[in-house]
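Here is a walk through a two-chain model, written for someone who likes cut-offs spelled out. Have a look at the sequence and the fold before reading on.

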Amino acid sequence: MKRKLYPLGSLVLLLAVWQVAVTLLKTPAFILPSPVAVVQALVADASGLLTNSWVTLYESLIGLVIACLLAFGTALVMDRWQLLYQSFYPLLVISQTLPVMVLGPLLSLWFGFGMAPKVILVVLMSYFPIIVSFSEALGKVSKEQIRFLQTMGAKDWQVYRILKIPQGMQGFFAGLRIAATYCVSGAIIGEWLSAEAGLGYYMIRVKNGYQIDKVFAAIFCVIVLSLGLNVATRSLQKLYYRTLIQGRSS
Amino acid sequence: MAITLEHVGLTLDDLEILNDVTATINAGSFVSLIAPSGAGKSTLLKILTGLLPISTGSVVVDGQPITGLNTTFSYLPQEDMLLPWLNVDQNITLYQRINHQAVDQDHVTDLLTLFGLVAYRHFLPRQLSGGMRQRVALLRTMMNPANYLLLDEPFGALDAMTRGLMQDWLLSLPTALKRTTVLVTHDIEEAIYLSDRILVLSARPAHVVQDISLTPATRDREWLATQAPLKTEIYQLLREDSDVK
């Protein structure tokens, strides 16, 4: 409990320093608003922020789910057929060096101004951490253990069902935790480029009106969304292993 | 019903591991393989299960040559290989699950009782002690109906006390549960205590240097204490061949 209080204490201290600095230096609100002003903006525009947060969350979740399904499927296929792994995995790793957001303008051009380009951006940003982490976890499953199952008569698909997938899911969830943070960023970047709603769109709109307190309020919402998705991912992992254990005992 | 190894040789990456291993293991016997460290005892078990191909010679089980991965044996590797997300019940019935066989719950309960695990049947492996994990792994091996058991240092990771208890317990198992068993061990006493026959292998490249038969009227710790000369004899054999003098 005490350990959890330390970062909280640091946060309060940082906010206090921020508040005091802004007050003493009389920093204009359109440059750097005080934390109190940000909270006031949060409360004042709660409904607008909630509506736009929901749009961003919706895009993030749809993109994340698609990325999960794609990464799960492709990782399994690559693991099963090593030729595919050897052919594509290095490309996947190299492709991670490309900042996906640079594709944003192209996606807007190709898919218009609707939800599609944002979701695709989220998929691209979330897919790589999941597939890389899951693929590596699948590859690390002990060959001895696989062969041991085969001496019991296990077929290929049984090796995956009984051993490889349950063990590899540790890697899957590790990747998912990273992706859960990236996916909100993906949606925001997509909204910056072309949108009619969402936190990214909201941020651009209020920034153009020099309402920097509202920009910070939106940033706060982004942090909450990212943290929430991260926590949800951890809960999902716990639920998966609990279900795995209970499901097999029934 | 027998396992016949004839002039078995194995070379891996230019390293000769086995050279002209010849032996017959008769049905119903308990045979221990003992050899200096790194000689290739476990390799021999892997050859039987088909996990490793032989370079020369032949391996025939019940008249059928072993040419690749097979399910003729119930194999217990050095590591217990328990699946951490499965409880004791699920781990021991893995063979039945893989082969879509019905599990006789009464039989399972009887065996769990016999193995002292009935109170722990819903426990996960991480909740068990080392000795209990080994018993679970051994029970899983027993649940496989294959005629032959291959046990690769099943008690190697246990402390001396627990190992002794496990050996006593293994001997006390009902005859109905006992099958043709090949045990790999580095423990000379364990080999003498449990086996009908001991095959002493040389250092790499391994071959059989001594074939010892044991037929005591009563097999217990008192009898084992009288086997000191045999223990010394085997020790000398291993020492002569060991890299560490």
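## A loop residue in chain B

Let's start with His186(B), which sits in the loop between β8 (180-184) and α7 (188-194) of chain B. Helices and strands here are DSSP runs, H or I over at least four residues for helices and E over at least two for strands, numbered from the N terminus. His186(B) is partly exposed because 16 other C-beta atoms lie within 10 Å. For reference, 20 or more other C-beta atoms within 10 Å of a residue's own makes it buried, 12 or fewer makes it exposed, and anything in between is partly exposed, with C-beta atoms placed from the backbone.

Which residues does His186(B) contact, leaving aside its neighbours within four places in sequence? They are Ser37(B), Glu153(B) and Gly156(B). A contact means that the two C-beta atoms, again placed from the backbone, lie within 7 Å. Asp152(B) is 34 residues away from His186(B) along the chain, and their C-alpha atoms are separated by 9.9 Å.

## Ground rules

This is a predicted model, where local features need pLDDT of at least 70 and side-chain atom pairs count only at pLDDT 80 or more, while totals for chains, interfaces and linings use all residues. Residues are numbered from 1 along each chain as its sequence is written, and chains are lettered from A and ligands numbered from 1 in the order in which they are written.

## Strand β7 and the cores

Leu151(B) belongs to strand β7 (residues 148-152) of chain B. Leu151(B) counts as buried because 24 other C-beta atoms are within 10 Å. Not counting residues up to four places away in sequence, Leu151(B) touches Leu76(B), Thr181(B), Leu183(B) and Val184(B). Gly9(B) is 142 residues from Leu151(B) in sequence and 21 Å from it in space, C-alpha to C-alpha.

Leu150(B) is one of the residues with the most contacts inside the largest nonpolar core, which has 66 residues; the others named are Leu33(B), Ile34(B), Leu48(B) and Val200(B). Such a core is a set of buried Ala, Val, Leu, Ile, Met, Phe, Trp, Tyr and Cys residues joined through C-beta atoms within 7 Å. Helix α5 (residues 130-143) of chain B gives the most to this core, with six residues. Apart from it there is another core, of 54 residues, including Cys68(A), Ala71(A), Met169(A) and Leu229(A).

## Chain A, all helix elements

How many helices and strands does chain A have? There are 10 helices and zero strands. The C-alpha trace of chain A spans about 75 × 50 × 35 Å along its principal axes, and 37% of its 250 residues count as buried. Of the contacts in chain A with a separation of 6 or more, 75% come from residues 24 or more positions apart.

UniProt (unreviewed entry) lists "domain: ABC transmembrane type-1" for residues 53-233 of chain A. UniProt positions follow the numbering used here, feature names are shortened, and annotations may be inferred rather than shown by experiment. Over residues 53-233 of chain A, the model is 85% helix and 0% strand, with the end C-alpha atoms 19 Å apart. The unreviewed entry also carries the annotation "transmembrane region" for several stretches of chain A, including 89-113 and 119-139. Residues 89-113 of chain A are 60% helix and 0% strand, with end C-alpha atoms 32 Å apart; residues 119-139 of chain A are 100% helix, with end C-alpha atoms 29 Å apart.

## Where the chains meet

The contact takes 17 residues from chain A and 20 residues from chain B. On the chain A side, α7 (143-151), α8 (156-193) and α10 (212-249) each supply at least two residues, and α7(A) gives the most, with six residues. By class, that side has eight nonpolar, six polar and three charged residues. Here Ala, Val, Leu, Ile, Met, Phe, Trp, Tyr, Cys and Pro count as nonpolar, Asp, Glu, Lys and Arg as charged, and the others, Gly among them, as polar.

What do the buried residues of α7(A) pack against? They pack against α8 of chain A together with α1 (41-49) and β6 (73-76) of chain B. Those buried residues are Arg147(A), Phe148(A), Leu149(A), Gln150(A) and Thr151(A). After α7(A) comes Gly153(A), whose phi is positive, near 100°.
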